[in-house]
Amino acid sequence: MSLIKKLIRKYKDVSPLILSSQIRYNNRIRIKNEDLAQHSYYVAYNIMSIGYDFGIKKEIIQEAVCRAIIHDLDEQFTSDIPHDCKIEFPELRKMVSEIGLDYIKKRADFATQYFVDYSTKSDLANILVDTGDALSVLQYANREILLGNHTKEMKIIYIDAKKRLNVLFKKLRDYKEDLWLL
């Protein structure tokens, strides 16, 4: 078999497309669906914007974008377990993460290190991913509210996202100030 045919066989795998079928907030009343592939794009976009606004080095932004793209990759296999469920049952969150990591190692080994780094590090790249993620949640909840979704749950998601962003923007500011002192 020729190299070209081997490459086409390898890259015709449709499993990455599963993320576009995984609907976020699947246990919430919502007006507009957002899938995990869209969410990962929004997180990456937000990271680029935040990194630019904070004057963060291009290499750190690029690392954060790579981590953002795969931060929910495990959910190709485990599905999107709702955030409130993971919070209420931390043992489930841990188990699902372990299963997801095993899946990534078997099916997308090239992404393993990015996924492990996102899962374990507390560096500037991860602060950017977490901030981009929280901003994506805020944007989603804000859009839902603007479209007329005034459920208690959507308002809680909106408020929680704002609280997360308050903490994360302070972390970014403090992290940058530490860099300025060097």
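This is a predicted model: local features need pLDDT of at least 70, side-chain atom pairs count only at pLDDT 80 or more; totals for chains, interfaces and linings use all residues.

Author: Seen by element, two or more lining residues come from each of helix H2 (36-54), helix H4 (75-78), helix H5 (83-88), helix H6 (90-107), helix H7 (112-120), helix H8 (124-146) and helix H9 (152-181). The greatest contribution to this lining is that of H9, which gives eight residues. By residue class, the lining of the largest pocket holds 18 charged, 15 nonpolar and eleven polar residues.

The second largest pocket has a volume of about 360 Å³. It is lined by 14 residues, and Asp 13, Pro 16, Arg 107, Ala 108 and Phe 110 are the ones nearest its centre. Helix H1 (3-11) and helix H3 (58-70) each provide at least two residues of this lining. In the second largest pocket the lining consists of nine nonpolar, three charged and two polar residues.

Tyr 25, in the loop between H1 and H2, has a positive phi of about 55° although it is not a glycine. Most residues other than glycine have a negative phi. The relative accessible area of Tyr 25 is 13%, and this residue therefore counts as buried, since the cut-off is under 20%.

Technical notes
Residues are numbered from 1 along each chain as its sequence is written. Side-chain values use heavy atoms; hydrogens and water are left out. Helices (H or I, at least four residues) and strands (E, at least two) are DSSP runs, numbered from the N terminus. Ala, Val, Leu, Ile, Met, Phe, Trp, Tyr, Cys and Pro count as nonpolar, Asp, Glu, Lys and Arg as charged, and the others, Gly among them, as polar. On a 1 Å grid over the protein atoms alone, a cavity is a set of points where a 1.4 Å probe fits but cannot get out, and a pocket is an open set with protein on both sides within 12 Å along at least five of seven lines; lining residues have an atom within 4 Å of a point. Grid points are joined across faces, edges and corners, and a volume is the space filled by probe spheres set on the points. Buried means under 20% relative accessible area, exposed over 50%, partly exposed in between (1.4 Å probe, protein chains only).
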